[in-house]
Structure formats: structure tokens, C-alpha cells
Amino acid sequence: MIEVAGLSRRFGDRVALSRVDLRVEAGAVVAVLGANGAGKSTLVKCLAGVLVGSGTVRVAGLDPWSQRAAAALRLGVMFAHRGSLWPDLSAAEGLRLSAALYRADRARIEVLADRLGVADRLGALVRTLSLGERVRLELVGALLHRPPVLLFDEPTLGLDPAIRTVVRRVLREAVEDGAALLLTSHDLGEVAQLADRVVVLRDGVVATAGTLAELRARAGGARRIVVTAPGPLDDAVVGADRRLGSDSFELAFDGPSGPVVGALLARLPGGCDLAIRESPLDEVLAPLYSR
Amino acid sequence: MNAWFSLFRHGALTRFARGSEWFGALAAGGLISAITASVWHAASPDPRVATQAVLGWLVAASVAGRTDEWLATRWTDGGLAADLARPVSLGVQLLLRDLGRAATGLATVSLPLALVLGARPDGVLFLPALLLAAVCGHAFGLLSGIATIGLGAPAGTTWVRSSLLALLSGAAVPPAAGGPFEGFFVYGPFGALAGAPAALFTGAGLGVLGVQFAWVLLWLATAHAALSGLRDRLGATGP
């Protein structure tokens, strides 16, 4: 479990985090979102004991600042593209070192590597691995000691869709086994699939938090109606709504669709097709990053 | 203990992870120390001089870690965050890795080359001095790395470090040929890297070990205190 209360951190005059509160229960996933520089990586570093801030932080019941070594044994950490495997040695060598440092069973290396589809790359030098192979092997290292708390900073950054799916599946399994997962990501599709709750950081402050459904509702325009006409539509018909093409437009709305559709039908020519869908998550949440 | 041994083993493995490093250590090490020994042998009738020239240079070369390069690179690309998140402190990680690197170099390159080139030990007191040399090499590599980061990771710090230490440690000038500087090369603050083991190899007494033990402790404590002071900066940088 992760508990954070009033976490603040400055770099000189710049406030990186200010009075951040959050909580991740065992078996739950919280995604931390925000623009670049919003404080996401600093938050992960503070939770991992890499940086010290002010306030109260507990990971798996321990203070990562004053009980750093003990807390580290209960953490699985992965920093985006910044590997812990040594480039001049084989992946297996690096993972055996991780197993020794984290008092893990070496046999787990083979098991996890197999599940992530990289067992055949264990003998390769780390510097010769592709990004996808390296990230999956880093993931093996992070999960090796069955940590109860997982901190993942943009774990799927730059990976192809197939590998993202594998990484998400393994993370989901770890959470189902009881781990608390905090991840940062810019991939909102990934967030929608993994996260139980979302925290949006803006300039180091929690701008909003809740489930995705709650955030959609708070942001407004959670659903859209896409109108496609049999022929070109006049500007008068489209009005202030967003034109998609000469014969189509969309409008965002909240609440029950009946009244909106009713009003729409009254102004549309005959033969139009109406499709109701959820608004894309990035369009809903992006305003929260900078509002 | 298993974790500590694993870090030591990793250091040992990384020393020769690239084949070129084997080749360079054996070929260049043998060639340079042979030439150095010949030059000093011609310059001085003292039989200790040529032996110290071989051993001092080879020891200094083997225990010179590349911690400064490594720290600067990992600091620049943000990878140090992963090292700082481990359950073993960064200082201990670096120390054990450097000892592993030094042990491999000393056992497989320095001592065999020294014996091949005709250096014969006068007693075994130099053996514990090799451990002091390795710890000292680690401390200077770490201090150099900290200076590199403090100066904004400029290129060339490694060269400055190795040149200065070669000059001050007795690696370039054998203590027996050092005239008024002999005491400095053997008992001075940099002597553990080359001058002291070379002097012990040629018969110096136990007092040298005691003095160098004190210097090495001081350097080690200084380097690790400096690393602790820099910890926040090390963890903060990164993309």
C-alpha cells in the first residue's frame, strides 16, 4: 500500500511537488497523469526513496526516506528508458545481480522472462537488445522479488502495441496478486485499461483525482453525437458544433442523450445517421492538465 | 553477503566485458611497463628501481576505476535513479564493483605481467597493500566522478585524474629513484596507489602499510561523505 500526505519537494526556487496527498490500496492501480514537468517523475522518485521531500510517505508500511534499504526490498521500480541492467553484461547476469540484491529466487528470472516472451534473450548483452526486449527484461527485474508495491514511471513509453499488451497483462496479474501499482503515463488508453483511479498533477499540485468516469463527468463533454448526413450540410445546420467534414459534424454533451438527440433531430434534414460515443479520453483530460 | 559478493563479481566481470580491454591491458600494459623498466634500469643502478617501475605502474593502472566516467554518464542520462533505488547504497555498490574490477586486473594482468617482466617480490607484505591500492583507486575514481558532476560533466576529467595520480603516486617515478620525494611516494597521501605497494614489493617494512591504511581510510571517508552530500543532485537529474 502507498500512503502520501502533504508531500512537497522543491528544486531551488522551483516547486516540483506541493502538498500532494494520495493513497493506493493493495490490489489497486492509480495512474498519475500530467503534462511534462508536472511532477510525475519527482513523485515516483520520492516514493522510491531516490529523492527526499517533506511530508509523510509510507510504502508497504515503511518510510522510504529513513528506512530506505528495507523499503527498497518491498518496491518494484521501473524508470522509463533508464535501465538498471548493465549494458556490457548479459541480461541474465544483470538479473542475477538483481536477484541477489533483492533476495529473490533466481528461478523466477526464467519464469518471468518466459511469460514476457524474452527468455531466449537472457544470454544477450544488454547493449545489443532492442528497446522492447530491454524494457521487458527490466520488468522481469522489477517483479523478481514479488514486491507488494510497484512504482512504474511510463513503463510502456516507446513500445509497440503488441509489447504494450504483454506488459499491461503482466502488470495486471501482479496487481491481481495483491500489489499496489502507481504508474505514470501519457498513454491514456493504457490508463483506461489499467487504472482504478487517476490523479492529475498540474505544476506539482493535485489538480483533480478520481475514477475515469468521475473525471469525465467533471471535465464536461463526456459523450459525443456524430451526425452524418446523406449530403453536404449547411453551416446554419452545423451551427457552433464541430464540423468533421462537408457532410458531418459532432457535438459534445453530458447527461441523458434523449433531450439532446431530440433537439438535434429538429434541426437536421431527413436521412441523417446519428452515432453516440464516449469522447476520446485525451480530449476530455487534456484541459485538466493546464486549466 | 550474497548481494555484496554479486556486486564484487559484477565488477570483476565488467572489467573485461569487452575483448578490447583484455587486449589493451595485456599488450599495452606489458609493452609500456617493459619500456618504462628499461628506461629506469638504464637511469639507475639500484635494482629496486626497475622492479618498482614495473609493479607501481601496473598496480596503478589496474586499480584505476572508471567510476568517474560511469557516474557522469549515468548522471547525464538519468540512470542513477535506478541505482539509487536499490536496497544497497550507491557508495557500497560502487566500492564493491571497483574492488571486483581491481581484483580481476591485479590477478590476471598486473601480477602475471610483473613476474613475466622479471619483478620478484621480497616478501608478501605487498599483498595487503594491493587491497589498499584497490580501495584508494575507488576513492579517487569516486572523487573524480563527483568533481566531474560538480563541474557539469566536462570531458577530460578522467585524463586529469589519471595523469595527476600517476605523477603523485609513484607510478611514473619509482620511489627508489625519487630522491627527496621517495618518502612522499611511499608514505604520502597518494602512495597507496603505486609507490607503497612497489616499495613493499622490494622490501619496505610494515610501517608503510600502517601509514597507507590511515590515508586510504581518510580518502574513502572523504569520497563517501562527498557522495552522500551529492545524493540529492544525483537523483534529481534525468529526462
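Reply: The area buried between chain A and chain B is about 2,600 Å², and carbon and sulfur atoms give 56% of that area. Please bear in mind that this is a predicted model.

Me: Why is an area used to describe the interface of chain A and chain B?

Reply: The size of an interface is often given as the accessible area lost when the parts come together. For chain A and chain B that area is about 2,600 Å². In terms of residues, 26 of chain A are in contact with 30 of chain B.

Me: Why is the pair B:Arg9 and A:Glu93 called a salt bridge?

Reply: The closest N and O atoms of B:Arg9 and A:Glu93 are 2.9 Å apart. The cut-off between a side-chain nitrogen of Lys or Arg and a carboxyl oxygen of Asp or Glu is 4 Å; the pair therefore qualifies as a salt bridge. Across the interface of chain A and chain B the rule finds two salt bridges, and it also finds eight residue pairs in polar contact.

Me: Which elements of chain A supply the side that touches chain B?

Reply: Strand 1 (2-11), helix 2 (68-72) and helix 3 (91-101) of chain A each supply at least two residues. Helix 3 of chain A gives the most, with five residues. By class, this side of chain A has 15 nonpolar, four polar and seven charged residues.

Me: How do you know that strand 1 and strand 2 of chain A pair?

Reply: Seven bridges join strand 1 of chain A to strand 2 (residues 14-24) of chain A. Pairing requires at least two bridges, so these antiparallel strands count as paired.

Me: What makes strand 11 and strand 13 of chain A edge strands?

Reply: Strand 11 (242-245) and strand 13 (273-278) of chain A each pair on one side only. They belong to an open, antiparallel sheet of four strands in the order 11-12-10-13. Neighbouring strands of this sheet are turned by 25 degrees against each other on average, direction ignored.

Me: How do you know that strand 11 of chain A pairs with strand 12 of chain A?

Reply: Three bridges link strand 11 of chain A to strand 12 (residues 248-253) of chain A. The requirement is at least two bridges, so the two strands are paired, in the antiparallel sense. A:Gly245 stands opposite A:Ser248 in strand 12 of chain A.

Technical notes. Residues are numbered from 1 along each chain as its sequence is written. Chains are lettered from A and ligands numbered from 1 in the order in which they are written. This is a predicted model: local features need pLDDT of at least 70, side-chain atom pairs count only at pLDDT 80 or more; totals for chains, interfaces and linings use all residues. Side-chain values use heavy atoms; hydrogens and water are left out. Contact means heavy atoms within 4.5 Å. Buried area is the accessible area (1.4 Å probe) that two parts lose on being put together, summed over both. A polar contact is a pair of N or O atoms within 3.5 Å; within protein, one must be able to donate a hydrogen and the other to accept it, and residues adjacent in sequence count only if both atoms are side-chain atoms. Ala, Val, Leu, Ile, Met, Phe, Trp, Tyr, Cys and Pro count as nonpolar, Asp, Glu, Lys and Arg as charged, and the others, Gly among them, as polar. Axes are lines fitted to C-alpha atoms, for helices over the stretch in contact, and angles run from 0 to 180 degrees between N-to-C directions.
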